[in-house]
Amino acid sequence: MELFHFYGVAIAPVDTGDCREEGRVHSDPASTIDFFAPGFSGVLALSANAGVFRAMKGLPPMPEGFGDWMREVANQLMGKVKSRIARFQITLQTELPQLRSPSDVERRHRSCRQQFCYSFRTLKGEVLVTLSGDFDDGSLIFSNASPLPLDGKVILF
């Protein structure tokens, strides 16, 4: 995940076999973002060991803890998901990132039809990303032309 590399944290994916049911437990707190579009609704959740956030370079001091940066990194990750899904002519609407307990995240996952788990390791601890929801695969129409502006493009209001 280049998001963590940008902040100076080396991160590597864990074998998908390690992402079984018992391996999908988020640490406390987890940052979540709800999203929706026609045929799509779900939640992205991100959690990481506190040591991972303490190891990030270029962050301002965090007197209130690392919750703000957890929400910020989840927000940036959701932006990348939105860009990728936009290639399928789906424009996701998102809510603001929230901090939630692992039991709340698990409860929300249980109510969803599809669940995807991505587990990563760093020298300072684990990072877990889950994406769960109700997705209509039939509404995906691939196109090379993205309806979203590319990175670095100026958007005039």
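Among contacts between residues at least 6 apart in the sequence of the chain, 69% join residues at least 24 apart. This proportion was computed on a predicted model. The chain contains 4 helices and 7 strands, arranged along the sequence in the pattern α-β-β-β-α-α-β-β-α-β-β. Of the 157 residues in the chain, 39% are buried.

The nonpolar interior was examined next. In soluble globular proteins, nonpolar side chains tend to be buried together. The largest nonpolar core of the model comprises 32 residues. Within this core, the residues with the most contacts are Phe4, Phe40, Phe53, Met56, Val73, Leu92 and Val127. Two or more core residues are given by each of the helices α1 (2-6), α2 (50-54) and α3 (67-86), and likewise by each of the strands β2, β3 and β7. The greatest contribution is that of α3, which provides 7 residues. The surroundings of Leu92 were considered individually. With neighbours within four places in sequence left aside, Leu92 is in contact with Phe35, Phe36, Ala37 and Phe40, and also with Met78, Val81, Lys82 and Ile85.

Helix α4, spanning residues 102-110, has Asp104, Val105 and His109 as its buried residues. Viewed down the axis of α4, these buried residues fall within an arc of 140 degrees, and they therefore line one face of the helix. The cover over the buried residues of α4 includes the strands β2 (30-37), β3 (40-48) and β5 (98-100), together with β6 (114-122) and β7 (125-135).

The whole structure holds 6 salt bridges. One of them joins the side chains of Arg108 and Asp34, with an N to O distance of 2.6 Å. Because Arg108 lies in helix α4 and Asp34 in strand β2, this pair ties together parts that are 74 residues apart in sequence. Arg108 is partly exposed, its relative accessible area being 24%, whereas Asp34 is buried, with a value of 18%.

With Arg100, the closest N and O atoms are 3.4 Å apart. The side chain of Asp104 also meets that of Arg107 in a salt bridge, at 3.5 Å from N to O. Asp104 and Arg107 are 3 residues apart in helix α4, a separation of about one helical turn. Arg100, Asp104 and Arg107 are accordingly linked in a network of salt bridges. As regards accessibility, Asp104 has a relative accessible area of 17% and is buried. Arg100 counts as partly exposed at 24% relative accessibility, and Arg107 is partly exposed with a relative accessible area of 46%.

Technical notes
Residues numbered from 1 in each chain as written. Predicted model: local features only at pLDDT ≥ 70, side-chain atom pairs only at ≥ 80, totals over all residues. Heavy atoms only, no water. Buried < 20%, exposed > 50% of the residue type's maximum accessible area, 1.4 Å probe, protein only. Contact = heavy atoms within 4.5 Å. Arc of directions from axis to C-beta. Salt bridge = Lys/Arg side-chain N within 4 Å of Asp/Glu carboxyl O. Core = buried A, V, L, I, M, F, W, Y, C linked by side-chain atoms within 4.5 Å.
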